[in-house]
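Subject: Structure for you to look over

Dear colleague,

Please find below the structure I promised to hand over, followed by an account of what turned up in it. I would be glad if you read the two side by side.

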Amino acid sequence: MSLHLAVALDGAGWHPAAWRDPSARPGELFSPEYWLDLVRIAERGKLDFVTIEDSLGLQSGRYDGLDGRADHVKGRLDALLIAARVAPVTTHIGLVPTVTVTHTEPFHVSTQLATLDYLSTGRAGWRAQVSGRAGEAAHFGHRTFPAFDPATLAEPAVQAFIAELFAEAADHIEVVRRLWDSWEDDAEIRDVATGRFVDRDKLHYIDFTGERFSVKGPSITPRPPQGQPVVTALTHTPLGYRLGVDLLYVTPASAQDAAALVAAARPARVFADVVVFLDPDRKARLDELDGASYTSDAHIYVGDAAGLAELLLSWHDAGVDGFRLRPGVLPADLTAVVEDLVPLLRARGAFRTDYTATTLRGHLGLPAALNRYARTEVTA
Amino acid sequence: MTSQKKQVVLAAHFPGVNNTTVWSDPASGSQIAFESFRRFAQTAERGRFDFFFLAEGLRLREQRGRIHDLDVVGRPDALTVLAGLAAVTTHLGLTGTVNATFNEPYELARKLASLDHLSGGRAGWNVVTSSDAFTGENFRRGGYLDRADRYTRAAEVLHTARELWDTWPSDEVLADRVAGTFTRHADPGAFVHSGQHVGIEGHFTVPRTPQGRPLIIQAGDSDPGREFAARDADAIFSRHGTLESGKAFYADVKGRMARHGRHPDELKILPASTFVLGDSAADAAEKAHHIRRQQVSPQTAILLLEQLWNKDLSDHDPEGPLPAFDPVLDDDSIIKGRARLFDDPLATAAQWRALADEKQLGIRDLIIEVTGRQTFIGTPGTVAATIDEFVQSDAADGFILVPHIVPGGLDEFVDQVVPLLQERGVHRTDYTTTTLRGHLGLQHE
């Protein structure tokens, strides 16, 4: 049975010293050509999709503030706009930008993702991200967040704060989804006899009222090609299981761990995140440059493609639907995924040899998205 | 010695969601498929236009408490489409409206700076504000803004965005592998803004952009709107499309600039304009009338009349006479999600009655007569000559053209009028610069 493969694109790669690797292109991280090249490499490997990391604040190695370092990559472009820039000049690969839910307007996020789905004719997804950082809240000036770090995570006040952030995130995702459905697919009628462009009975108010915001609707943007672009989230807590997403990224440390996480996260599709260095020496070299051994929330794989293929197949046997690989260095480890790992998986009958669908939902085998507001069943 | 003629600035406005856009014509295509945007933008680039422009919508219009269904409706998020167009064009400026009321300055500045990087310096922002609670129902903060605060909010959001765009010096990113310094300073991008509408602090995440800051466009016509443009804008969309009113507006706005320490050439005045081309003057006039009838269907005529009368007139015959009673004067407009169109409804109604009596017009023919007549109607030769005359006589620096058909409505202008403007020496035959500010002869900030 076939597994799914995605890659997570972030700056020069996931190792903090990745940009210093001889193969990196650190002077081009803010140019469109760099991002297009990366996505095209992934598309050459027929991968399901790429995610693009983002945040509403400067990168930092610390959770409770900035890290004061000038030897790591700082600065990013808006991930959704990178995806939009790439969409018209790629053909099949899914495009899944990170968009924060905590400070953003659900109305804008919904129309932006719907627009990405139009630009890519059905290849848009969303990595919804919760932000608990005090520094990011100060960029908006409406709320003050407590500064906290992993050491205080177990305190009840911190737990309540996190639960509230996730509840707001679930509301945000619900509003985005309702807005996508707020136009029925056949709302546009162009009926000259009655002078009507749309059938207003097929446009729906969403009338959402929540703790943090209320949204009336309908959307300004007609229902996107996929109906519902694919909603995804990375989670390290059971709170993530209640976000109402289609696909969850989890961070197991072993096949056994993976099986337990999959059981807990259903009915969502489940991908395991794995950091990959497909060169036996690269991580050690970069660790030395950085003056510290790189650690991650996700499992770190260092070795050759054959070993990685074995690992992925065993976790796949444990129930994981697919993987989001985080390349240690870009483009080197992405290229190795496409040129070395993918052929090995194909030889085992575990990965597609060509795309068989044109939409992201199609690649993932997700069913056509029914519209919650449509009163009549669509007949084939 | 001949003096250099002023160059005509040309911008192409992707048609929007009012009855200017004809959807009943067989040539009318999708208003939402990316292919329409691609075709329209590539046509503008073929004509060596300065920039593409896309408006935005934040709430579907309503009339008589119901969603308005007679006009083209449904549009994308502007900046997202512009980023897509950056992939399929090479020189064309890419500008869009983004509301300063319903967007946060940090996020907005970040998206616009990202677009400038992703387009190689071709981004522009039409700064608009809104104060209506109707639109606010789609957003976190609702309709909190007093009408009087609209321009102070717009100005403060713009100034905040500028502060953010200026946080990274142009040489901040070193990416020096050997020395191990990615940025010149640890944690670049620091800012603090504390004002009436915006109180934020922290670090901006986008390095200085190719243009330094995107082109700033403004569209207001009121006194504070003009002052805002004279102080802060690089281009202004005006509604003064006749020679005399254009000259007066031009002189007024440019005359305000010295007080802000600016040269008149630093602001481009661009009236919004429509056009109809024909083989002869008579042919063009006939086409123009046909288009007007497409734009004003019987149902649309009644709806437009209701906007002046502020009352349900659905029981009136579109071919019949105007209502016997006067417009209803009430602050609660029956139309929501669109700017107020008439300052003095009683006076306007009196004018309309007089015109209808004089020319023996029913409602629909009257509406065709009094609303939205095309700006340029004629042969390509007369239209090119008129555009040149407007620009050389300081009634405009150029025009933002709004075709009435998506996506092919710009084709005939590019094929027939642009070559004549090029022959006159007032429009480039090829791009000589790569950024939008460059095209307009403006300094990079």
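A salt bridge is counted here when a side-chain nitrogen of Lys or Arg lies within 4 Å of a carboxyl oxygen of Asp or Glu. This is a predicted model, in which local features need pLDDT of at least 70 and side-chain atom pairs count only at pLDDT 80 or more, whereas totals for chains, interfaces and linings use all residues; side-chain values use heavy atoms, with hydrogens and water left out. Residues are numbered from 1 along each chain as its sequence is written, and chains are lettered from A and ligands numbered from 1 in the order in which they are written.

The closest N and O atoms of B:Arg110 and A:Asp54 are 2.4 Å apart, and between chain A and chain B the count is 6 salt bridges.

The interface itself takes 82 residues from chain A and 76 residues from chain B, contact meaning heavy atoms within 4.5 Å. About 6700 Å² is buried between the two chains, with carbon and sulfur atoms giving 60% of that area; buried area is the accessible area (1.4 Å probe) that two parts lose on being put together, summed over both. There are also 42 residue pairs in polar contact across the interface, both residues being at pLDDT 80 or more; a polar contact is a pair of N or O atoms within 3.5 Å, where within protein one must be able to donate a hydrogen and the other to accept it, and residues adjacent in sequence count only if both atoms are side-chain atoms. Among the elements that each supply at least two residues to the side of chain A that touches chain B are α3 (106–119) and α5 (156–181) of chain A, and α3(A) gives the most, with 9 residues.

Turning to the fold of chain B, a closed barrel of 8 strands runs β1-β2-β5-β6-β11-β12-β13-β17 with parallel pairing, two strands being paired if DSSP finds at least two bridges between them. The twist averages 25 degrees from one strand to the next, axes being lines fitted to C-alpha atoms (for helices over the stretch in contact) and angles running from 0 to 180 degrees between N-to-C directions. Helix α1 (residues 34–46) of chain B lies across β1 (9–13) and β2, at about 145 degrees to β2(B).

Chain B also has an open antiparallel sheet of 3 strands, in the order β4-β3-β15, whose edge strands are β4 (66–67) and β15 (335–336). Here B:Gln63 has B:Ile335 in β15(B) as its bridge partner.

Most residues other than glycine have a negative phi, and most peptide bonds are trans. The bond joining A:Arg266 and A:Pro267 is cis, with omega about 15 degrees, and the peptide bond from B:Val406 to B:Pro407 is cis with omega near -10 degrees. A:Thr121, in the loop between α3 and β4 (125–129) of chain A, has a positive phi near 40 degrees.

With best wishes

Terms used
Helices (H or I, at least four residues) and strands (E, at least two) are DSSP runs, numbered from the N terminus.
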